[in-house]
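Please look over the chain shown here before reading on.

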Amino acid sequence: MYYIIFDLEWNGSYSYYNQSFINEIIEIGAVKLDRQLNIVDTYRRMIYPRFTKKLSGRCKRLTNITNEEVKSEGIDFIDAFKEFARWSNEEGNVFMSWSNSDLFVMTQNFMQHTGNARIDFIKRYCDVQKYCMSFIKKEDNPGGNQVSLENCAELFGIEIDTEKLHRALADCYVTASCFRNVYDESKLAPYIKDCDYKFFEKLLFKPFYVTDEIHEDFDIHNVELFCPNCEGILDVPDELTVVNKAFKGAVTCNYCRKSYWIFIRVKKLYEDYSVKTSYVEMNKKRARRFNARKKRQQQTNL
């Protein structure tokens with residue numbers, strides 16, 4: 001078993017083939033660590049882009065990769081990853097990268113090239129950024145924001161050549177140094193995830209706000225609501241409008257008789273829904289008008 005730390009560089013540019021902006025991998029680098037965390041092998045390969053023919057200005061500035069370098073050294077995406085799979089092939093390997101953004105882009109590229117979201121040779125994966133951040137003191141990162149590789153190395157007292165950052169293999173060496181600095185097998189275990197088909201499918205899934213009262217197995221009228229004043233149960237309003245991707249309605253508590261504008265924001269996640277509610281109490285004049293109209297409607301229905 002080895003720890004395979006990989007890093008990707010990609011070209012973010014408009015693809016006329018896809019009719020959209022995409023991130024296309026142009027370089028892959030990796031280091032192979034044994035159980036004693038010694039680097040026993042390295043891998044580096046340039047990849048010739050299929051969908052974005054020219055490198056963006058940002059990509060060239062950040063990586064110092066040139067169009068000429070990609071053209072002269074790059075090989076086909078499928079060939080590169082077949083080669084990488086053979087190089088990293090070993091039972092029980094744990095693949096690692098600094099944040100899961102590289103794995104996300106890799107999965108996107110596999111979908112574009114093969115139509116399949118699953119990367120068969122990656123069976124287990126660990127987000128090294130998330131693992132390393134668990135060792136950073138709150139006072140060193142008071143906002144709890146994601147920490148860059150460069151900042152993490154600085155916090156861990158690791159000297160790096162910043163001019164060599166943002167090239168795939170160089171970033172792998174820095175990631176390996178950060179990983180070694182805080183390695184603890186028992187603490188690492190919960191961060192290692194099994195990579196079945198659902199893992200990659202979930203990685204690509206983009207959550208979205210639901211604006212239909214009934215969406216697949218979700219019904220807005222089954223949401224549980226509670227009065228913010230007395231915590232009594234509220235009925236979901238029959239009349240709802242959608243404002244800024246949130247359901248808006250008016251409701252009066254049957255217990256304390258306070259009236260509210262209620263906002264229900266529903267987000268579709270991969271396997272579930274996230275529901276957030278907020279309440280704005282009506283002024284007395286507006287509440288009287290609302291309750292009078294509601295009473296007239298009830299009498300009409302009778």
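T63 counts as buried because its relative accessibility is 3%, and buried means under 20% relative accessible area. The model is a predicted one. T63 belongs to helix 1, which covers residues 57-63. Beyond its neighbours up to four places away in sequence, T63 touches E9, H166 and R167. Y197 is 134 residues from T63 in sequence, and the C-alpha atoms of the two are 32 Å apart in space.

One of the residues that T63 touches, E9, is part of strand 1. E9 is buried but forms no salt bridge. The nearest side chain of opposite charge is that of R167, 6.2 Å away, and a salt bridge needs a side-chain nitrogen of Lys or Arg within 4 Å of a carboxyl oxygen of Asp or Glu. With neighbours within four places in sequence set aside, the contacts of E9 include E24, I25, I26 and E27, and also T63, H166, R167 and D171.

K32 is located in strand 2. K32 is buried and has no salt bridge, and the nearest side chain of opposite charge, D41, is 4.5 Å away. Setting aside neighbours within four places in sequence, K32 is in contact with Y2, Y3, I4, N38, I39, V40, D41, W87 and S88.

In soluble globular proteins, nonpolar side chains tend to be buried together. Here the largest nonpolar core has 28 residues, and M96, C132, C178 and F179 have the most contacts inside it. Two or more residues of this core come from each of strand 1 (3-15), strand 2 (20-33), strand 4 (94-97), helix 5 (128-133), helix 6 (149-155) and helix 7 (168-181). Helix 7 gives the most, with 6 residues. As for F179, residues up to four places away in sequence not counted, it touches Y3, I5, L33, L37, M96, V128, Y131, C132 and L188. A second, separate core has 25 residues, among them I4, I47, F84 and F200.

The last stop is the surface. Which residues make a nonpolar surface patch? F226, I233 and Y255 make one of about 350 Å². I233 sits in strand 11, residues 233-234. Is I233 buried or exposed? I233 is exposed because its relative accessible area is 53%, and exposed means over 50%.

Key: Residues are numbered from 1 along each chain as its sequence is written. This is a predicted model: local features need pLDDT of at least 70, side-chain atom pairs count only at pLDDT 80 or more; totals for chains, interfaces and linings use all residues. Side-chain values use heavy atoms; hydrogens and water are left out. Patches are made of residues with over 30% relative accessible area and no salt bridge: like charges are joined within 9 Å, nonpolar side chains (Val, Leu, Ile, Met, Phe, Trp, Tyr) within 5 Å. Accessible areas come from the Shrake-Rupley method with a 1.4 Å probe; for residues, only the protein chains shown count as cover. Helices (H or I, at least four residues) and strands (E, at least two) are DSSP runs, numbered from the N terminus. Buried means under 20% relative accessible area, exposed over 50%, partly exposed in between (1.4 Å probe, protein chains only). A nonpolar core is a set of buried Ala, Val, Leu, Ile, Met, Phe, Trp, Tyr and Cys residues joined through side-chain atoms within 4.5 Å. Contact means heavy atoms within 4.5 Å. Lys and Arg count as positive and Asp and Glu as negative; His and the chain ends are not counted.
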